[in-house]
Amino acid sequence: MTVKKTYDRLHKIGKEIRLLSSLSYLLEWDQETFMPKGAIEVRSEQLELISSIIHKEKTSRRFKKALEALLDLKTGKPRFDELNDEQKANLREWHLDYLREIKLPNDFVKKFAKTASKAINTWVDAKNKDSFEIF
């Protein structure tokens, strides 16, 4: 496979991850703006699920394999000189993100997303009632 095809494959996976992440951001935005008060349980489960899916994609074997084909995972150095500066920058960011993500167990990512979602909702309630104890 050519360097271009390998890079394009990784870029496609990266785009899928960005699209999933944008759905997560939309859910978070809606939670803070228009979501009905009684919907927090479902919303926190939605964020838990999508965060888990995103994490699994970022740490997937196919992502690792595509990334590793273009750079050394230990050093972060590109394997090919023909990559342009933008491609090298993307590789650097994907690599750093990958290294961060593999340190987190998926169960933690899920629990954190769900807890953070509920915490934001509780914080708004506590702030409106001027009662930190609620939070």
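User: Is Arg100 buried, partly exposed or exposed, and why?
Analyst: Arg100 counts as partly exposed because its relative accessibility is 48%; buried means under 20% relative accessible area, exposed means over 50%, and partly exposed lies in between, with a 1.4 Å probe and protein chains only. This is a predicted model, in which local features need pLDDT of at least 70 and side-chain atom pairs count only at pLDDT 80 or more, while totals for chains, interfaces and linings use all residues. Residues are numbered from 1 along each chain as its sequence is written, and side-chain values use heavy atoms, with hydrogens and water left out.

User: Which side chain does Arg100 meet in a salt bridge?
Analyst: The side chain of Arg100 meets that of Asp97, at 3.6 Å from N to O, where a salt bridge is a side-chain nitrogen of Lys or Arg within 4 Å of a carboxyl oxygen of Asp or Glu. Both residues belong to helix α4 (residues 85-101), and they are three residues apart, about one turn of the helix; helices (H or I, at least four residues) and strands (E, at least two) are DSSP runs, numbered from the N terminus.

User: And Asp97, buried or exposed?
Analyst: Asp97 is buried, since its relative accessible area is 19%. Asp97 and Arg100 are also linked with Lys58 and Glu101 in a network of salt bridges.

User: How many salt bridges are there in the whole structure?
Analyst: A search of the whole structure finds ten. One of the pairs is Arg43 with Asp30, at 2.9 Å from N to O, and this pair links distant parts of the chain, with Arg43 in helix α2 and Asp30 in helix α1, 13 residues apart. Arg43 counts as buried because its relative accessibility is 11%.

User: What about Arg92, which residue does it pair with?
Analyst: Arg92 forms a salt bridge with Glu93, and their closest N and O atoms are 3.6 Å apart. Arg92 is partly exposed, with a relative accessible area of 47%, and Glu93 counts as partly exposed at 43% relative accessibility.

User: Switching to Lys88, which residues does it touch?
Analyst: Leaving out residues up to four places away in sequence, Lys88 touches Pro78, Phe80, Asp81 and Leu83, where contact means heavy atoms within 4.5 Å. Lys88 is found in helix α4 and counts as partly exposed at 29% relative accessibility.

User: Where is Gln87, and what does it touch?
Analyst: Gln87 is in helix α4, and it touches Tyr7 and Glu82, again not counting residues up to four places away in sequence. Gln87 counts as buried, because its relative accessibility is 17%.

User: Where does Phe34 sit, and is it buried or exposed?
Analyst: Phe34 is in the loop between α1 (3-33) and α2 (40-58), and at 61% relative accessibility it counts as exposed. Together with Leu23, Leu26 and Trp29, Phe34 forms a nonpolar patch on the surface, with about 460 Å² of accessible area together. Patches are made of residues with over 30% relative accessible area and no salt bridge, with like charges joined within 9 Å and nonpolar side chains (Val, Leu, Ile, Met, Phe, Trp, Tyr) within 5 Å, and accessible areas come from the Shrake-Rupley method with a 1.4 Å probe, where for residues only the protein chains shown count as cover.
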